[in-house]
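Open the model in your viewer and keep the selection tool at hand. This tour goes stop by stop.

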Amino acid sequence: MIIRTIGRYAAVFSVLLLFVFTSGNAVFGADNAIISKLAPHRLLLDATTAEGLIVVVGERGHILSSRDDGRTWHQASVPTRVTLTGVFMHNEHLGWAVGHDGVILRTENGADSWTLLYAQGEEDRPLLDILFLDKDRGIAIGAYGLFLSTADGGDTWMEGIVSEEDWHLNHISRSTTGRLYIAAEGGHIFRSDDNGETWTQLSSPYTGSFFGTLPMENDSLLLFGLRGHLFRSENAGNSWHKIPSGTLALLSGGLIMQDGTVVVVGLNGTILSSKDNGRHFDLEQLPNRNAISTVVRTSDNALLLVGEAGIQRYQIP
């Protein structure tokens, strides 16, 4: 998600993604994130759920949690003010977050407070996403091919390689069959069939950058990115079929609702929904056109849209 030549993608990137054009917004080692009543309305970039807990991360080291479907939010004590870009919860107690300066954080008390585990402030390579396979084994990915893995819950991290080229690794996901996928810069997508030990570069249906994958039932998969490009695979990414999205907005996140509805979100307030497992989508757009970075679902099957305007609750018509 870091731009090598800003003008290359300037026409399609909005305020939501300004964080990827620059280095972190605070020097590594700065004081704790400032507690602010406005934090739920500031720029937020990733979210996750676990056992009724919702956790959201964003600019200035903000981490918010909710146990009532997003009706009220608690801001955590966080030992950094850098922009946080990814979060993963193993359960309602244990989780990790990543961000600029290569920062990796861990919580063991349900996101109330966080401990700094790792940082590479001098290298200026932001981490962009994180995924854990269990309470011990995890993977963090980021700019310029940055790939880190841990086998001890994040106490120590080892640097690895996905590709010999330094493509920005934007998003990592895991399918129900156990395969891992990384959506990357420049039309690259990678798959691992051995829990991240080795990676295969898949044939790409598009030369522009991808910002997310959404594994579905069996080995079906959605892939999305710049200019509304959306693709579906029935065979774990070995071949692709283009899905009309009806938009040129960058697509940045997705999920599957409890009733099976597939949702993909993006810039310009874009919300795509599908009732046929991602084969066809209907387009909705927020009137305010606020950019959406990601989306999570609530227990009552509503959506929490996370992005430029903070957190917004939304019900699919």
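**Stop 1**

Select Arg81, which counts as partly exposed because its relative accessibility is 29%. Here buried means under 20% relative accessible area, exposed over 50%, and partly exposed in between, with a 1.4 Å probe and protein chains only. This is a predicted model, in which local features need pLDDT of at least 70 and side-chain atom pairs count only at pLDDT 80 or more, while totals for chains, interfaces and linings use all residues. Residues are numbered from 1 along each chain as its sequence is written, and side-chain values use heavy atoms, with hydrogens and water left out.

Arg81 sits in the loop between strand S4 (74-75) and strand S5 (84-89), and Asp31 in the segment before strand S1 (44-50), so the pair ties together parts that are 50 residues apart in sequence. Strands (E, at least two residues) are DSSP runs, numbered from the N terminus. Asp31 counts as exposed, at 54% relative accessibility.

**Stop 1: Arg179 and two aspartates**

Move to Arg179, which is partly exposed at 23% relative accessibility. Show Asp193 next. Its side chain meets that of Arg179 in a salt bridge of 2.9 Å, N to O. Asp193 lies in the loop between strand S15 (189-192) and strand S16 (200-201), while Arg179 lies in the loop between strand S13 (169-174) and strand S14 (180-184). The two are 14 residues apart.

Asp219 is in the loop between strand S17 (210-215) and strand S18 (221-225), 40 residues from Arg179. Asp219 has a relative accessible area of 21%, which makes Asp219 partly exposed.

**Stop 2: a network**

Select Asp69, Arg71, Asp300 and Arg313 together. Salt bridges link these four in a network. The structure's salt bridge count comes to 15.

**Stop 3: the largest pocket**

Select Ala47, Thr48, His171, Gly254 and Leu255. Of the 50 lining residues, these are the closest to the centre of the largest pocket. The space there is about 1,400 Å³. On a 1 Å grid over the protein atoms alone, a pocket is an open set of points with protein on both sides within 12 Å along at least five of seven lines, a cavity is a set where a 1.4 Å probe fits but cannot get out, and lining residues have an atom within 4 Å of a point. Elements giving two or more residues to this lining include S1, S5, S13 and S17. The lining divides into 26 nonpolar, 19 polar and 5 charged residues.

**Stop 4: the second largest pocket**

Go to Gly138, Ser149, Thr150, Gly196 and Glu197, the closest to the centre among 19 lining residues. The second largest pocket holds about 370 Å³ of space. Which element gives the largest share of its lining? Strand S11 (147-150) does, with 3 residues.

**Stop 5: a cavity**

Finish with Gly145, Val162, Ser163, Glu165, Asp166, Trp167, Leu169 and Phe190, which line the second largest cavity. Its volume is about 30 Å³. The structure holds 2 cavities of 30 Å³ or more.

How values were computed:
Helix = DSSP H or I, 4+ residues; strand = E, 2+ residues; numbered from the N terminus. Points joined across faces, edges and corners; volume = space filled by probe spheres on them. Nonpolar A, V, L, I, M, F, W, Y, C, P; charged D, E, K, R; others polar.
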